[in-house]
Amino acid sequence: MTKFNSNDEQNKQQILWRSVEDLENSPNFLNKMQREFPHGASELELRPGVHRRKFLEIIGASMALAGVASTGCIRRPKEHIYPENNRPEDTTPGIPKFYTTSAKIGGGILGLMVTSTDGRPTKIDGNSRHVTSNPIAGSKIGSSNGFAQAEILNMYDPDRGQNCLLSGQKIAKKDLKVALKKALEKSKKSEGSDLALVYEANHSLAFASLIEEFKSNYPKAIVVEQDTTYSSNRVNSFSEIAKSPADVSYNLLNANVILALDSDFMGIEGESVKNARQFAEKRKVADPKSSMNRLYSVESNFSTTGAIADHHFTLRSGRLGEFLIAVAAELNSTFGVKFPSEVAENLKYKRVFPEPLVKLIKSCAKDLYQQNGLALVIVGDRQPSWVHTLAFAINLGLGAVGKVLNLVSHTTKPKGLSSFANLKSALDNNSIQTLVVIGGNPVYALPANYNLEKLFTKVKDSFYLGYTLDETSKSCKYYIPKTHFLETWGDTRASDGTVAIMQPLIAPLFDDCVDEYSFVYLLSRLNDDMSGYQLVKNYWHNRIKNVTNFENSWRTYLSQGFISDVSKETISHGNYSFAEFSSNYSKTLKLIDPNEKSLEIDFVLDRTVYDGHYTNNAWMQETPDPITKLVWDNALLISPKTAKALGLQARPKPGKSEVDLVKITYQNRSMEVAVWETPGVSDFTAVLHLGYGRKFGKVASGSGFNANLIRTSDSWFGSGLTIRKTGKTYSLVSTQEHGSMSGTPNVAEDRPPVIREATLAKFKSNPSFVLENELLPIEKQKNNLFKFPENPAQKKWARQQWGMTIDLNTCIGCNACAVACQAENNISVVGKQEVFKNREMAWIRVDRYFTGDVDNPEMRAAFQPINCQQCENAPCEAVCPVAATVHSPDGLNDMAYNRCVGTRYCANNCPYKVRRYNFFNYSKVDDERNPLYAMQKNPNVTVRFRGVMEKCTYCVQKINKARAHFKKTSDGIIPDGAVLTACQNVCPTNAIVFGDIADSNSAVSQLKDNTRNYSLLGELNTKPRTTYLAKIRNANPELV
């Protein structure tokens, strides 16, 4: 915990704290701080049967063998090996190629740039030419997110389907097609009256046309789209408003003030990367004259978006609609904003709120009104459709439509689709004889009241085209393995209408795999004479009429990553309909006020495993949740006040926590789940993340609890949850205290705050506020050990000096940087038990801090990515007995893996706690358990082994590649922006900037000259090359 004088107008004493134990200075926490390293991280642990004396003998033998190896003895293979005499055309071994593609990632579309090394995809990044990855004009960086990074590991999932199956037994692919055709021929005689098709939503126009063809061939069939992103309420609302299928597209570059109501528009909802890039662009404070946007967030618990809001207020989900009505009423009564009559008649009833919330309503409404149309209200997808309609009415009244948001035609969803309720009724009545499921995992992911596991098994002939063997494959008679999007041709359409081609990087890893395009064609035509490539290409050849040479245009589309010859379909008319508002509002479930006997429950998509799509992905399982910091599990999140009222042991402890395992009951359905006390959760509200509790997959099995067992299709939140103790406990692992850089326990202000924060008004009046807490004069901190040549002629030939800045004002704590680093640098996964012992291997961690009182609904959060600071005066270098960590001429703190003997002195001496030690041969274990993982490895990065220390290298392999290139083409000086580290490239907000600090004109040098720039733990005189830009909060003066 760090106490310091706040820089806001009231000059209150502000506290940064990681956990409630940190805030309260509990004995457990103080013991952990005095010990410095958690249990297990600083002791030598040996496998059973291995003793310390034996271990020393092994080390001695290893050193002796190392000496023998250095004498020149080379072990050559006995067998004859032959070089590749005839190299494939346009291929140079070891030289990667880059291909554009596009895919539905999470809740939105992303344009992607995929690295292919010797024919195998190894890394996914954003396509800088696609608007969803780079909406900023002039920028050359294509951003993405953690989900996109994890997809490369999904493709090499060893548990993915490999063979066609009949009742769990292998069957020839041709025999399965015969069975499928036979069942469909029978259904065709009745026009599909006994046929049902369930497919996963994929935002593809070509696929939608194939579904339309299927419907015309089987007019009586039940066709249902499965969308687990909870976007249906939003789409239904805007479709009713536009009187045609519609969705919304935001332009946050024009938004000065944003009110986010239960919305995680920068996290897990919609096209979050595009939204985050645009939002962050208006948060870059270059000098005191700069302006900033302002974000209000009201929600039941901390989301990625809410955690960085200028004003955050906790309010249970059941009252958020009433809050928005109060905002609309304030706009109408005080500022004369006009609303449609259907909406206006519901504004006259006064809603009662606590005084702080009333103040927020008045101030927020005033702020929105004063922006002259450059303001925006965004409602989260979990809210009912009437709340979305009300938000659009507010935006329309403010004049924001056409400036900050637009309605766009939702053309990727076929018309006349049925619902899961109709499908359930048909299955109950045994009227479905043939069932076809394409993608997704509906048996697991859909609410419990559909009872699909039981109903699917009743169908005579059920076929499942799925990526992995999962809950749905178990319930279906036939299974066909599905291709990954990196193995498939296809197309995507973004929310703003941008269309891109999905092109494969590799042939399907397994011969039985089938893509969804050719599979639907097979369902419709009962033959498979068209491939996915032909179907997609033919569709766009017929769709685009104004191109003279389609073949040349097609190659251009594939090269640039999007189709430039398709006009975007924006709905610009003003004839909007609000006729359904009153009826939708009246149908809303009226939730009672919760208490300790009857709580409100929220079901939310998980920030790491999403809806279960990434549950079998080890990278995402070991990525800590940005707020709770849990790994390998989910839990029932409750506030400290709720835990106390219920008498539950839910308080996180340093490292592994034994918490109560409780039985929860909701709408007559029960399950057992661990409880976890989390600040920022609304009192007497319980939050349960989806995606866990899977029964299939080596990685997924046994992790977390399945929220879908009690979830119903009525709403994403509801009242009446009861909690009962079971007398049992459950072990959860959290990383929230790992790598703590707190000062001496119980000694206040002995160290400057790690996160320095001020309001925008304070920054304008005192641009150098970051220096107020410095213990070491800033002149000494800036006195680089590297002396830059003064003579310009000499400076040209001086080695470049690398450095980095991280802007805390735009960091949203999404962990994308950590996952990208793992993908780029071959970082191993260690598992839940090893993480408990503080042995996680991630080179970047994102520290989360809370500010404010633990029971204050207005508390806020802040994030700080921590990687190796590449100190010029590095404490680790001085203590290494074998010089395994040394400084390079260009300022990098390098690791020589072959020299490292594993003393771990360097880790002990690192004040930033960023060095990682291989206690066991984690990489070997990973590869043995999951053989396909080896195909993802980056060949330009050494795979580390047991007994070796590792850490961030500033992606030195990329620096060396660029240097070799520019030595051939120029004087060897790498231009600014030519090297993008993995964390910099992925960051959805461009918070990380890397470059040559010897060049005063480089972007990183200019940021280091910013008055917000400061060194972390600079008082230790380590002279870190990575520095931080202080966080600025654009607070509303009326709310300070």
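**Aromatic pairs and nonpolar cores**

Ring pairs join F238, F392, Y576 and F578 into a cluster; rings of Phe, Tyr and Trp (its six-membered ring) pair if their centres lie within 6.5 Å, and planes under 30 degrees apart count as stacked, over 60 as edge-to-face and the rest as tilted. The model is predicted, and local features need pLDDT of at least 70, side-chain atom pairs count only at pLDDT 80 or more, and totals for chains, interfaces and linings use all residues. Residues are numbered from 1 along each chain as its sequence is written, and side-chain values use heavy atoms, with hydrogens and water left out.

In the whole structure, 31 aromatic pairs were found. Y917 and F919 make an edge-to-face pair, with 4.9 Å from centre to centre and 90 degrees between the planes. The charged end of R839 sits over the ring of F919, 4.0 Å from the ring centre, and that of R904 sits over the ring of Y917, 5.2 Å from its centre. Such a placement requires NZ of Lys or CZ of Arg within 6 Å of the ring centre and within 35 degrees of the ring normal.

The largest nonpolar core has 220 residues, and L259, F323, L324 and I664 have the most contacts inside it. A nonpolar core is a set of buried Ala, Val, Leu, Ile, Met, Phe, Trp, Tyr and Cys residues joined through side-chain atoms within 4.5 Å. Apart from this core lies another, of 49 residues, including W540 and F550.

How values were computed
Buried means under 20% relative accessible area, exposed over 50%, partly exposed in between (1.4 Å probe, protein chains only).
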